[in-house]
Amino acid sequence: MGTTIPMLMGDGLRRNGWKFPVKIAARDKFRQTTYGELNARVNRLANGLLAIGVKRGDGVALSVGNRIEHLEIIFATAKIGALAIPLDVKWKALELASVVAAMEPRFIILQEDCVGEFAKAKELKDLSSIKAISLSADLNYSGLLDGQSADEPVVEVSEDDPFAVLLTSGTTGFPKGCLATQRTFVFHCINNAIEKGLGAHDKAILSSPIYFNAGRSFTLGIIYFGGTMILHERFDADEVLKTIEREKVTYVGAVPVMCERMLHVLESKKYDTSSLRCLAITGGKVHPAVLESLKKNLTPNIYRTYASTDSGQMAISKPGDAAEKANSAGRPVWCVDLRIVDDAGKPVQVGEVGEIICQSPLATHGYYKNPEATDASFRDGWFYTGDLGHFDEEGYLFVSGRKKDMVKSGGISIYPLEIESVIYSHPDILEAAVIGVPDPQWGEALKAVIVLKPGAKLDGVELMSFCKERLSAYKVPKSVDFVESLPHTEVGKVNKMQVREMFLRR
């Protein structure tokens with residue numbers, strides 16, 4: 001009988017250290033590293049962690065941004081079967097204290113500018129059982145790497161071992177921690193290879209926060225398969241476009257708001273972006289007008305994924321998909337079962353709107369240390385997304401929006417996403433959010449909250465008549481408010497909860 005080889009994230013880096021020893025694995029603003037160097041440093045860190053008592057299954061939190069050390073820590077914990085818990089480097093003491101206390105890691109690794117906030121966090125909660133390790137200026141992790149062997153650590157790791165806790169970037173207050181095993185994350189890498197052609201031939205840019213799954217999934221995939229990863233500390237549209245031209249970048253991951261900012265730059269400057277074979281967009285709807293502009297001005301090679309941290313990728317729309325399906329989220333990815341069900345959990349007819357549920361090897365195994373949240377989202381092996389949508393007769397998925405965003409006006413269910421798509425097609429609109437506000441006559445009335453492009457002149461009456469020409473009367477907003485800016489979540493989605501609060505407080 002042959003041996004069954006487990007699917008382990010650390011094995012991808014180990015193989016690439018041997019296959020591509022002098023190829024650049026990653027570059028950030030401080031340094032670059034080859035696969036040979038990266039694997040050796042990861043092994044030294046892994047052996048250093050073992051030496052201070054990190055055991056298989058132990059939680060190791062990290063507050064480290066878009067830099068090579070983040071990759072070193074994730075792969076070092078993977079090689080010894082420890083659990084990586086990436087945190088947001090922008091969190092203040094209270095946020096840090098709350099999440100760390102809930103996740104209960106045994107160790108936390110902090111970049112230089114996060115050390116002070118963690119010290120303040122310790123004054124708010126009892127975090128005395130957690131050992132803090134600072135990156136230190138010489139990047140030797142406060143001496144952790146000193147004298148450690150660059151040989152592979154001797155630890156038996158299973159593909160069912162927890163690999164990482166992926167924090168959700170949702171808008172429902174406290175972030176939930178989605179538990180992913182080693183096998184789950186290898187599947188994330190394979191899925192990106194099958195659906196988007198991700199591989200050793202790719203040179204990719206990450207400029208969204210690495211601690212959110214929108215960026216982490218393809219970033220770790222690049223390292224797993226042997227491509228080159230360019231890490232930008234934060235998103236700067238001009239800088240991303242410059243880097244695509246200079247480095248002949250082939251793969252860029254982005255959320256819709258980042259795409260809109262790149263288009264804004266391209267209105268006045270030209271960059272050669274012909275090397276791009278994949279612009280991977282996730283984290284919300286790309287409105288058809290924006291999609292057309294991206295195809296014309298940035299690249300026609302656009303892959304839009306419908307995904308969440310909890311479920312992983314569920315559906316994908318590819319460049320070759322039907323042009324008339326611009327509003328569609330595409331078809332389910334290769335390894336996922338998607339269903340549309342009613343409130344009783346029964347499948348609905350083609351064309352009928354219901355809740356999207358999924359069964360997938362990419363989905364979380366549950367919420368870390370939060371069994372109540374797990375029970376609320378999983379039923380009979382199916383993950384309930386909280387999103388509404390329908391399938392058409394050709395198997396394309398159309399997402400109507402969040403269940404909780406649905407507006408009931410005069411007894412009719414209205415999906416704001418459809419109205420926002422129409423509003424976004426107006427040339428003067430920069431951003432829009434449609435919400436329901438209390439109304440004595442209708443129960444709820446639609447309100448459009450609008451950010452205009454600089455210099456644009458548009459009033460509410462003009463916008464309502466624009467909508468009237470394109471929508472049924474009951475879908476036309478009853479009121480329009482113009483604001484300087486809209487609140488966003490960390491990954492750049494408009495934060496509907498905060499928009500509602502802005503108007504309900506009035």
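Trainee: Which residue in strand 14 does Ala307 stand opposite?
Mentor: Gln313. This is a predicted model, where local features need pLDDT of at least 70, side-chain atom pairs count only at pLDDT 80 or more, and totals for chains, interfaces and linings use all residues. Residues are numbered from 1 along each chain as its sequence is written, and side-chain values use heavy atoms, leaving out hydrogens and water.

Trainee: How many bridges join strand 13 to strand 14?
Mentor: Five, and strand 13 (residues 302-308) and strand 14 (residues 312-317) run antiparallel. Strands (E, at least two residues) and helices (H or I, at least four) are DSSP runs numbered from the N terminus. Two strands pair if DSSP finds at least two bridges between them.

Trainee: What's the strand order in the open sheet?
Mentor: The order is 2-1-10-9-11-12-13-14-15, nine strands with mixed pairing. Strand 2 (32-34) and strand 15 (331-332) each have a single partner strand, so one side of each has no neighbour in the sheet.

Trainee: Which strands does helix 8 touch?
Mentor: Helix 8 (residues 237-247) packs on the sheet against strands 1, 9, 10 and 11, and its direction makes about 165° with that of strand 9. Contact means heavy atoms within 4.5 Å. Angles run from 0 to 180 degrees between N-to-C directions, with axes as lines fitted to C-alpha atoms, for helices over the stretch in contact. Helix 10 (residues 288-297) also packs on the sheet, touching strands 12 and 13, at about 140° to strand 13.

Trainee: Switching to helices 6 and 7: at what angle do the axes cross?
Mentor: Roughly 85°, with the axes of helix 6 (residues 182-196) and helix 7 (residues 213-225) coming within 9 Å. That makes helix 6 roughly perpendicular to helix 7 (65 to 115 degrees; under 35 is roughly parallel, over 145 roughly antiparallel, the rest oblique). Residues in the contact include Phe185 and Ile190 of helix 6, and Phe218 and Tyr224 of helix 7.

Trainee: And strand 4, is Leu83 buried or exposed?
Mentor: Buried, as are Ile85 on that side and Ala84 and Pro86 on the other. Buried means under 20% relative accessible area, exposed over 50%, partly exposed in between (1.4 Å probe, protein chains only). Four bridges join strand 4 to strand 3 (residues 59-63), and the two run parallel. Val60 stands opposite Ala84.

Trainee: Last one: where is Ser207?
Mentor: Ser207 is in the loop between strand 9 (203-206) and helix 7. Its relative accessibility is 5%, so Ser207 counts as buried. Leaving aside neighbours within four places in sequence, Ser207 is in contact with Asn66, His232, Arg234, Phe235, Val240 and Met258.
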